Amino acid sequence: MKIATFNINGIKARHVALCEWLDEAQPDVALLQEIKSVDEGFPREMFEDRGYNVETHGQKGFNGVAILSKLPLEDVTRGLPGDDSDEQARWIEATVMGEHTSVRLCGLYLPNGNPVPGPKYDYKLAWMERLKSRAKALMSREEPALMAGDYNIIPLDEDAARPEVWQEDALARPESRRAYREIVNLGFTEAFRARVRGGGHYSFWDYQAGAWDRNDGIRIDHFLLTPQAADLLRDCAIDKDIRNRPKPSDHVPVWIELAA
DNA sequence: ATGCCGATTAACAATCGA
């Protein structure tokens with residue numbers, strides 16, 4: 001089962017490019033972030049025509065997450081538990097029924113958090129505390145499950161081309177990294193680092209200042225796997241080449257292959 | 001990097017993202 005995560009930076013601007021990539025990469029599941037669309041505005045037909053089931057959790061203008069799946073989805077839930085007053089659409093869950101086993105999928109768009117300090121950073125850390133609670137609950141089920149998406153976290157300096165630039169940024173602040181580590185340390189396997197060592201691997205390049213041309217990127221899109229999902233991990237890679245195409249997202253897809 | 005670009009909404013500038 002091939003599962004991808006992709007921050008598409010607007011479905012209206014990216015639906016054609018997204019379909020081209022889906023046709024080539026042929027993921028069974030795509031977890032999407034920043035659809036920047038309400039549910040009614042999501043162009044579900046073009047994905048359904050390709051055999052995908054479509055589940056969205058949209059919001060007007062900003063944020064928004066979705067799951068595309070060629071395999072059946074069950075028990076879909078929307079919104080990260082822990083704060084009923086949170087209006088931002090950043091979390092969606094579903095169970096995908098594989099050939100051999102089912103996998104609980106969590107698609108997430110973690111808050112950016114800048115500027116630091118400030119209310120947006122407070123919201124990021126509070127959101128990560130809720131994420132940790134959900135992660136604990138997932139872990140206690142002792143079943144294949146994963147949390148994947150745009151974490152807006154640069155885990156280590158090796159995950160940035162110019163780490164010094166990000167030192168005071170919400171994506172790399174010690175408090176951010178610690179909160180991320182506390183979640184990983186519950187027992188999750190970070191799929192890319194289970195497969196690839198060392199620096200120079202990025203999933204985001206700013207549109208500005210020729211960041212892509214200079215490979216001035218950061219790795220902020222991650223897969224965290226429960227032990228039962230990690231047992232099934234066969235591969236993980238970043239599809240960076242599509243950043244060369246016209247009108248790309250500022251993120252590129254990251255995908256895993258599971259023996260599920 | 002103090003948003004230099006890009007998407008979105010709502011107007012034809014402001015807001016947000018990382």
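Reply: Leu-32 is in contact (heavy atoms within 4.5 Å) with Phe-6, Ile-8, Leu-18, Phe-42, Gly-64, Val-65, Ala-66 and Leu-68, setting aside its neighbours within four places in sequence. The model is predicted, so to read it: local features need pLDDT of at least 70, side-chain atom pairs count only at pLDDT 80 or more, while totals for chains, interfaces and linings use all residues. Residues are numbered from 1 along each chain as its sequence is written, chains are lettered from A and ligands numbered from 1 in the order written, and side-chain values use heavy atoms, without hydrogens or water.

Leu-32 belongs to the largest nonpolar core, which has 53 residues. Such a core is a set of buried Ala, Val, Leu, Ile, Met, Phe, Trp, Tyr and Cys residues joined through side-chain atoms within 4.5 Å. Buried means under 20% relative accessible area, exposed over 50%, and partly exposed in between (1.4 Å probe, protein chains only). Ile-3, Leu-32, Phe-47, Leu-146 and Ile-256 have the most contacts inside this core. Helix H1 (residues 11-25) gives the largest share, six residues. Helices (H or I, at least four residues) and strands (E, at least two) are DSSP runs, numbered from the N terminus. There is also a second, separate core of 21 residues, which includes Leu-110, Ala-145, Ile-153 and Ile-183. In soluble globular proteins, nonpolar side chains tend to be buried together.

Buried in H4 are Ser-176, Arg-177, Ala-179, Tyr-180, Ile-183 and Val-184. They fall within an arc of 160 degrees seen down the helix axis, so they line one face of H4. The arc is taken from the directions from the helix axis to the C-beta atoms. Pro-174 and Arg-178, on the other side of H4, are exposed. The cover over the buried residues includes H3, strand S8 (145-150), strand S9 (189-190) and strand S12 (221-225).

Now the H3 contact. H3 (residues 119-140) and H4 (residues 174-184) pack at an angle of about 10 degrees, axes 9 Å apart. Axes are lines fitted to C-alpha atoms, for helices over the stretch in contact, and angles run from 0 to 180 degrees between N-to-C directions. H3 and H4 are therefore roughly parallel; that term covers angles under 35 degrees, with over 145 roughly antiparallel, 65 to 115 roughly perpendicular and the rest oblique. H3 brings Tyr-121, Lys-124, Leu-125, Met-128, Leu-131, Lys-132 and Ala-135 to meet Glu-175, Ser-176, Ala-179, Tyr-180, Glu-182 and Ile-183 of H4. Eight of these residues are nonpolar, one is polar and four are charged. Ala, Val, Leu, Ile, Met, Phe, Trp, Tyr, Cys and Pro count as nonpolar, Asp, Glu, Lys and Arg as charged, and the others, Gly among them, as polar.

Met-46 is partly exposed at 22% relative accessibility. It touches His-15 and Cys-19, not counting residues up to four places away in sequence.

The loop between strand S7 (102-109) and H3 holds Pro-115 and also Pro-117. A cis peptide bond joins Asn-114 to Pro-115, with omega about 0 degrees. Another cis bond joins Val-116 to Pro-117, with omega about -5 degrees. Most peptide bonds are trans.
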